[in-house]
Amino acid sequence: MVGAATEPGVSALLTAEDGAPVALENADAGSRILLVCEHASRRLPRRMGTLGLSAEALESHIAWDPGALAVCQLLAASLDAMLIYQRFSRLVYDCNRPPDSPGAMPAVSEIFDIPGNAALSAAERLARTEAIYSPFRKGLSDLIKTRVANRRPPVIVTMHSFTPVWHGRPREVEVGILHDSDSRLADAFLADAAEDDAFVTRRNAPYGPQDGVTHTLIEHGIHNGLLNVMIEIRNDLIASKDGQRVLAGYIGDHLGKALMRLEP
Ligand SMILES: [Zn+2]
């Protein structure tokens with residue numbers, strides 16, 4: 001690869017200034033919960049410019065999940081949990097999609113065309129996959145392997161946020177509890193949250209496995225036989241620090257109790 005930097009985790013796409021694609025916090029955490037945030041950041045690698053997008057688009061939900069990382073960090077502290085997240089925008093590579101998915105490097109997202117993602121060559125797709133997705137996938141897989149080898153199989157919790165208005169339609173759901181074929185943790189969370197009317201919490205909403213959003217759950221949770229759930233928060237609720245604290249409290253409370261229901 002011409003011009004490739006030599007630092008670990010830094011590739012032809014990423015420069016040393018960009019830094020590594022994957023960040024890990026609280027690696028020695030005591031609980032079994034492993035928080036995953038694939039859409040934590042709206043950062044673009046310097047070499048990619050703006051992908052032809054306006055500043056407004058680059059700050060919007062198409063680039064990242066606003067508020068999700070902040071909630072993850074609060075949960076990592078309150079639950080004594082590990083946290084792994086992607087440091088670059090989903091517009092470069094959406095780490096909750098496999099490389100063969102059109103959504104991995106979308107040319108269109110909601111109402112925005114993404115010029116820098118139109119007509120990518122196979123080589124460009126491969127470069128992004130190797131720079132952004134592969135290290136994230138390996139980082140997460142290695143964490144899981146180490147914990148399993150130490151007889152402390154992790155519980156996979158992926159954290160996301162979604163836009164309150166999609167194609168002009170408001171969404172009523174406030175918290176989505178998503179699962180694929182293994183619904184154990186989602187069922188336990190929903191059973192615990194059923195008595196709590198603080199938020200409108202729904203199963204597999206505002207979208208679900210049929211929309212291709214459960215890639216991480218399948219690959220890292222289900223294939224390893226680990227408890228897993230994907231939690232989606234409507235992003236207007238976590239735009240402020242107060243909101244982030246309230247939602248982290250709500251999710252941490254029901255997640256902790258859900259795990260007690262499953263493994264008292
Ligand atoms: Zn997301």
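In this predicted model, asparagine 228 touches Ile156, Asp182, Leu185, Leu217, Gly221 and Ile222, with residues up to four places away in sequence left out of the count.

**Asparagine 228**

- Asparagine 228 has a relative accessibility of 0% and therefore counts as buried.
- Its side chain makes a polar contact, at 3.5 Å, with the side chain of aspartate 182.
- The side chain of asparagine 228 also reaches the backbone oxygen of leucine 226, at 2.9 Å.

**The nonpolar cores**

- In soluble globular proteins, nonpolar side chains tend to be buried together.
- The largest nonpolar core here has 40 residues, and the members that touch the most others are Val157, Met159 and Ile231.
- Another core, of 34 residues, lies apart from the largest one, and its members include Met48, Ala57, Met82 and Ile156.
- Beyond its neighbours within four places in sequence, valine 157 is in contact with Ile33, Leu34, Leu35 and Val36, and also with Leu185, Val229, Ile231 and Leu255.

- E2 runs parallel to E6, and four bridges join the two strands.
- Within this pairing, threonine 158 of E6 is the bridge partner of valine 36.
- E2 also runs parallel to E3, again with four bridges between them.
- Here tyrosine 85 in E3 stands opposite cysteine 37.

- Histidine 39 is in the loop between E2 and H1, whereas aspartate 65 is in the loop between H1 and H2, so the pair ties together parts that are 26 residues apart in sequence.
- Histidine 39 is buried because its relative accessible area is 4%, under the cut-off of 20%.
- Aspartate 65 is also buried, with a relative accessible area of 1%.

**Salt bridges**

- The whole structure holds 13 salt bridges.
- One of them joins the side chains of arginine 46 and glutamate 17, with N and O 3.3 Å apart.
- Arginine 46 is in the loop between E2 and helix H1 (55–59) and glutamate 17 is in the segment before strand E1 (22–25), so this pair ties together parts 29 residues apart in sequence.
- Arginine 46 is exposed, at a relative accessible area of 58%, and glutamate 17 is exposed as well, at 62%.
- Arginine 32 forms a salt bridge with glutamate 263, in which the closest N and O atoms are 2.6 Å apart.
- This pair links distant parts of the chain, since arginine 32 is in the loop between E1 and E2 and glutamate 263 is in the segment after H6, 231 residues apart.
- Arginine 32 is partly exposed, with a relative accessible area of 29%, and glutamate 263 is partly exposed at 40%.
- A further salt bridge brings together the side chains of arginine 203 and aspartate 187, at 2.7 Å from N to O.
- Arginine 203 is in strand E10 (residues 201–203) and aspartate 187 is in helix H4, so the pair ties together parts 16 residues apart in sequence.
- Arginine 203 counts as partly exposed at 40% relative accessibility, and aspartate 187 counts as partly exposed at 31%.
- Glu174, Arg234 and Asp236 are linked in a network of salt bridges.

Conventions: Residues are numbered from 1 along each chain as its sequence is written. This is a predicted model: local features need pLDDT of at least 70, side-chain atom pairs count only at pLDDT 80 or more; totals for chains, interfaces and linings use all residues. Side-chain values use heavy atoms; hydrogens and water are left out. A nonpolar core is a set of buried Ala, Val, Leu, Ile, Met, Phe, Trp, Tyr and Cys residues joined through side-chain atoms within 4.5 Å. Buried means under 20% relative accessible area, exposed over 50%, partly exposed in between (1.4 Å probe, protein chains only). Contact means heavy atoms within 4.5 Å. Two strands pair if DSSP finds at least two bridges between them. A salt bridge is a side-chain nitrogen of Lys or Arg within 4 Å of a carboxyl oxygen of Asp or Glu. A polar contact is a pair of N or O atoms within 3.5 Å; within protein, one must be able to donate a hydrogen and the other to accept it, and residues adjacent in sequence count only if both atoms are side-chain atoms.
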